[in-house]
Amino acid sequence: MDLELWSVRPLWLTVLAALWGAAAGLLVPRAAYRIAVEPDEAWRTRCPDGHVLTGAAGGWLGLARCPDCAQDLRDRPTPRSAPGDAGRASGDAGRVPGDAGRVTGGAGRVPGDAPTAYRYGPGTPIVALTTAGACAGLALATGARPELAVWLLLAPLGVLLAVVDFRVQRLPDVLTLPLAGLALVLLGVMALVPEHTGEWPAALFGSLVLGGAYFLLFLVNPNGMGFGDVKLALGIGAVLGWYGWGTVVLGTFAGFLFGGLYGLGLVLMRRAGRKTSIPFGPFLIAGAYVGLLIGAYAA
């Protein structure tokens, strides 16, 4: 009976982890939309159509949709159909001349236009599914061990960082530094909980060593390694270091491999040259995720 319960337990953990990831992932697009700006720009406080973002935590928490834009769309009058319009798809109702090809989120609007959509930012379904899948994988690999709580708390932050870097090739300090701090503090707490399988000193050293290594790469080639990547390495090193140096090496190698393959693919498709800048943060995070899965499972 005990064996049967043990075999079912990871399944329940996986389901709960996936549900947590999906719920947290629903909140990522709004935060990504607000933070994904150029370095000299302030964080966004309005939707693409100019409405102030409201909601919990000063408008940071919530779905990436604007209720004011939705209301405008409902109130928008439907133009009379011209002869020959009969049979058009119902999705065309309410469109005005010139709407075709507009980008969701209001890009290309002219003053006075009705809103084109009430959703903004990265696609919520794919972000939520990605976060859910990441959390489910962590639960499967880690099982019912204390550090799983840390991985599930940090996973949505990693997804948010990856999305922001892909959109504007930037890793803001407001995300990278809290990631490193939270990882070390939370893992320090987990080190006091029975049945954990990692070592907090190794996590601390992993953070310092990986951050230092990336800093040297930044000094050698600033164009190839951004300083945001250096700060991200502090958090990644802490997470990987928890399971030992082998996990640090594996996760780091996987990140460079993923980034190299992505860059090579762009070159082969003639969408980039040898000197084209690409966002490296998402691949560092993906590599760390793979390393963490293997390290957790092996532990």
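1. Helix α6 (residues 173-190) packs against helix α8 (residues 227-241) at an angle of about 20°, their axes lying 8 Å apart. The pair is therefore roughly parallel; angles under 35 degrees count as roughly parallel, over 145 as roughly antiparallel, 65 to 115 as roughly perpendicular and the rest as oblique. Axes here are lines fitted to C-alpha atoms, for helices over the stretch in contact, with angles from 0 to 180 degrees between N-to-C directions. Helices (H or I, at least four residues) and strands (E, at least two) are DSSP runs, numbered from the N terminus.

2. This is a predicted model, in which local features need pLDDT of at least 70 and side-chain atom pairs count only at pLDDT 80 or more, while totals for chains, interfaces and linings use all residues. Residues are numbered from 1 along each chain as its sequence is written, and side-chain values use heavy atoms, with hydrogens and water left out.

3. The crossing of α6 past α8 is left-handed, that is, the near helix is turned anticlockwise from the far one by less than a right angle (clockwise would be right-handed). On the α6 side the contact (heavy atoms within 4.5 Å) is made by Asp173, Thr176, Leu177, Leu179, Ala180, Ala183, Leu184 and Leu187. The α8 side supplies Gly228, Lys231, Leu232, Leu234, Gly235, Ala238 and Val239. By class, the residues of this contact are 10 nonpolar, three polar and two charged. Ala, Val, Leu, Ile, Met, Phe, Trp, Tyr, Cys and Pro count as nonpolar, Asp, Glu, Lys and Arg as charged, and the others, Gly among them, as polar.

4. Lys231 belongs to helix α8 and counts as buried, at 17% relative accessibility. Buried means under 20% relative accessible area, exposed over 50%, and partly exposed in between (1.4 Å probe, protein chains only). Apart from its neighbours within four places in sequence, Lys231 is in contact with Asp173, Thr176 and Leu177.

5. From α5, the contact involves Trp151, Gly158, Leu161, Ala162, Asp165 and Phe166; from α10, Gly281, Pro282, Phe283, Ile285 and Leu292. The contact residues of α5 with α10 divide into eight nonpolar, two polar and one charged.

6. Two residues other than glycine have a backbone angle worth checking. Ala57, in helix α2 (residues 56-59), has a positive phi of about 55°. Glu195, in the loop between α6 and α7 (200-220), has a positive phi near 75°. Glu195 is exposed, with a relative accessible area of 65%.

7. Ala144 sits in the loop between α4 (124-142) and α5. With a relative accessible area of 32%, Ala144 is partly exposed. Its C-alpha atom is separated by 10.0 Å from that of Thr14, 130 residues apart along the chain.

8. Overall, the protein has 10 helices and zero strands. Of its 299 residues, 42% are buried. Among contacts with a separation of 6 or more, 71% join residues 24 or more positions apart. The protein exposes about 16200 Å², with carbon and sulfur atoms supplying 66% of it; accessible areas come from the Shrake-Rupley method with a 1.4 Å probe, and for residues only the protein chains shown count as cover.
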